[in-house]
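Welcome! Take a moment to look over the sequence and the model, and then let us walk through a few of its features together.

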Amino acid sequence: MTTELADNVRKYRRRAGMSQEELAHAAGVSPGTVRKAEQGGTIRMETLHTLARALGVTTAALMASDAPEPVGRAEEPNRVNLIQLRAALTPAVGLVDQDAEAVAEEPNLRIFRRTLQDARVLYFSDSYKSVAAQLPGLLRDAAQAVAYYDSGDEHRQALLARAEALRLAGTYLTQVRQYDIAYAAVRGAIMDARQAGGMLAAGSGVGCMCWLLVRQGRLDEAEQVAARSMDAVEPKITGAEPDHYAVWGGLAMEAAAAAARNNRPDEAKEYRQAARVAATAVGTAHRNVSRH
């Protein structure tokens, strides 16, 4: 099985919003077969036909030299969810302002954060279809919380919660190559976090922004914004929290990725050295799914 074929199976699965397990169920094969296909292993042509049918594409499309971008109304399985996401992220504007939706009862930020945490876990397990279905409601709930708590620490917490929801939306949309609304989501996440004074949350958003810029080929901008943001969040004292080092080191890796792709190996090496400093300071594998 060629590398191109393996890449195409993966691209079409992600475009369909399926995890490997969901594709296996739809195709009537084992999850191991899907993993084997995406890792370049040898599979029978009959199996390839079965995967193509489950993905709603032709077998020839899986064997093409390059899978198309996941856009187009006729072939977008999550089109309805994307329309709702567009409405939430880029609302219509006319000559007469729409009346704001009244919030009937006080939002529960604790429950909202738990729901958002569950959605992030789904994203990291490749359950894109489930994430896409949840995001519009999460964004609406976050906007209502920000409107309800219009001052004080509760307003700050609501802004940080919305920043986290927007960052998840931007991450998902970048993954499925919906770059225009991904930018709107990530920009909103960064601005909310900055307004709330959450520099680490803002730095996490910048990391997502850099990934989006690299995907768009905007390599100079990605490196520059990552480097400037590194300066803004650099840990100044020994013994900073692991999250602090993780965000700073993550930005260093984003800068390194952009520099390496931009034929700037010396600069990429310097950024990787900074990331190693952060890794040494943390001392162990560290993941906070509410951070980038």
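Predicted model: local features only at pLDDT ≥ 70, side-chain atom pairs only at ≥ 80, totals over all residues.

A residue counts as buried when its relative accessible area is under 20%, as exposed when that area is over 50%, and as partly exposed in between. With a relative accessible area of 37%, Y148 is therefore partly exposed.

Now turn to helix α2, which spans residues 20-27 and has Q20, L23, A24 and A27 as its buried residues. Why do these buried residues line one face of α2? Seen down the axis of α2, they fall within an arc of 100 degrees, so they share one face of the helix. The partners of the buried residues of α2 are α1 (3-15), α3 (31-38) and α4 (45-55), against which they pack. After α2 comes G28, which has a positive phi, near 75 degrees.

Next, the aromatic rings. Across the whole structure, a search finds four aromatic pairs. One of them joins Y128 and Y172 in a tilted arrangement, with 6.5 Å centre to centre and 45 degrees between the planes. This pair links distant parts of the chain, as Y128 belongs to helix α8 (residues 128-148) and Y172 to helix α9 (residues 152-175), 44 residues apart. Y128 and Y172 are both buried. Y148 and Y149 also form a pair, this time edge-to-face, at 5.1 Å centre to centre with 85 degrees between the planes.

Note on methods: Residues numbered from 1 in each chain as written. Heavy atoms only, no water. Buried < 20%, exposed > 50% of the residue type's maximum accessible area, 1.4 Å probe, protein only. Helix = DSSP H or I, 4+ residues; strand = E, 2+ residues; numbered from the N terminus. Arc of directions from axis to C-beta. Contact = heavy atoms within 4.5 Å. Phe/Tyr/Trp six-rings, centres within 6.5 Å; stacked < 30°, edge-to-face > 60°.
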